[in-house]
Amino acid sequence: LFGFNTNKVTGFFDPIDPSMEDELVLPKNFKYDVVAAFDDIINPAGEKFGQGADYNAFFPIEGSNTRGLLVTNHEYTNIFALGPVADSGPTKKQIEQSLYYQGMSVTEVYRDEQGVWKLDPTSKYARRITGFTSFDITGPAKGTKVLGNATKAQGTFANCSGGVTLWNTVLSCEENFEDLAGQAKLPETHYGWVVEVDPFEASFRKKHTALGRFNHENTAMGIAKDGRVIVYMGDDKKDACVYKFISKGKYNKASGRANSALLEEGTLYVANLKVGKWAPVTIEAVKEVLSSDNFKNPYGVSGTKEELQKKFTSQADVVTYCHQAALLVGGTPTDRPEDIEISPFDSTVFICHTNNDIHGNIHGHITRIFENNDDLGSLEFNFEIFAAGGRQSGFSSPDNLAFDSNGNLWVVTDISTSSHNKGVYKSFMNNGLFVIPTSGNNQGQALQFASGPKDSELTGPYFTPDEQTLFISVQHPGEMTTDLKNPTSTWPHRKGDKKARCGVAAISGFKLGL
Ligand code: FEO
Ligand code: CA
Ligand code: CA
Ligand code: CA
């Protein structure tokens, strides 16, 4: 297919400078088309594209690189969907709007004969998955007391990043679910999971409790040398952990989507960076720690030994209160683990640690894990800091990752909007998209490929299989707006429109063979 030739990285685009423009700025000879933006009608039923566009995945229709289903996550809602929210909290109507505009969209997109990417509103596949859509619960917490005996959950929301499976479905991650669950008076334990949907079949909707409940950022799926399925996951909180799920059964390509059952049974592990080991997050391990005479609680999990023994009596409890269980069994608190990608070249694992001001890690870093024997199923590893954010490397606060076939890592940044163009973040200006080679002379050096509109963050980079198109979300442009008459951004600058609309851009201009 393509060689692993990082010398070409500097050849295929002229890096841009940081920008303060209210525009998606690209290198010369590249262009973008907005395929879907907030509130666009996506199907004949009149359903609307959600807000807070984040993760994207493209599924070719009949092998096409120019027509397919685009699955997009919708992470949160803001003033452009809800109008101003009173200090006393959102109204009932605003809560319902949040449940509707969060979740996911499946849209059908295509490139027309003029080379313009568009949405097809006549699609038979296009649909919304919202905070009202029912999901089947699977795994150890299904039907148990800790979930109120539930076998189904209402809706998904706060969908951040995600990942595709080996069997052509999408995993979508419920991240900061607490606020909306509380406002909507929904049972909080029903959220904070990884959900799975099939873009081509609307009835397939699962919440997989075996993957744990926390502030899920992403999934990155691979295969162990013995054929078991591996899923790496980040918990995007300050001082939270990195996880790896290993399925009990083995992947069988011929089984197609039935492989989804692999996500219902297996072992969840947490990274102990002090000793380079994956520690099992199981009820057996938690009980053993809590029954020890010299029980230590090095990371200060709240509760006495006796209270924790009462709290953790089954694997359902462990997956539901996963962060606490992980710390008890030796998981290392880290600096906000966001996206994770497995290198398609050498099976090393890249993790964005976006930042953590508690420890003075203001610009964040990208960690690279080397599993023993290059086996993703290994329970021992080594690691290094692959790239550190800061003035010298040219990026700050790394978030989502994607690989191209030349071994370049595409990295978007998430400097919080209130810090844009201020203090130590000043030189970075608006958030952007960077290209970092993972081997060769330029290894670890970031070149800027794109800059987002005002107050935005670029999220969910995803290439078509031929790498001629890069989909990317423009999330929360104009989010500092307090007066709808004076928005801080009006991207995508539709004629006569005074709203900033998050949405998905299709970037083209890549030369064949990069
Ligand atoms: Fe939703 Fe962790 O970014
Ligand atoms: Ca993120
Ligand atoms: Ca982030
Ligand atoms: Ca975000």
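## Terms and basis

A residue is called buried when its relative accessible area is under 20%, exposed when that area is over 50%, and partly exposed in between, using a 1.4 Å probe and protein chains only. The model is predicted, and local features need pLDDT of at least 70 while side-chain atom pairs count only at pLDDT 80 or more. Residues are numbered from 1 along each chain as its sequence is written, and side-chain values use heavy atoms, with hydrogens and water left out.

## Aromatic pairs

Across the whole structure, a search finds 26 aromatic pairs, where rings of Phe, Tyr and Trp (its six-membered ring) pair if their centres lie within 6.5 Å, with planes under 30 degrees apart counted as stacked, over 60 as edge-to-face and the rest as tilted. Among them are Y55 and Y462, whose ring centres are 6.5 Å apart and whose planes stand at 80°, so this pair is edge-to-face. Y55 belongs to strand β2 (residues 53-60) and Y462 to strand β28 (residues 457-463), so the pair ties together parts 407 residues apart in sequence; strands are DSSP runs (E, at least two residues), numbered from the N terminus. Both Y55 and Y462 are buried.

W410 is buried, at a relative accessible area of 0%, and F510 counts as buried at 5% relative accessibility. One aromatic cluster is formed by F12, F13, F30, W410, F449, F463 and F510.

Methods:
Chains lettered and ligands numbered in written order. Helix = DSSP H or I, 4+ residues; strand = E, 2+ residues; numbered from the N terminus.
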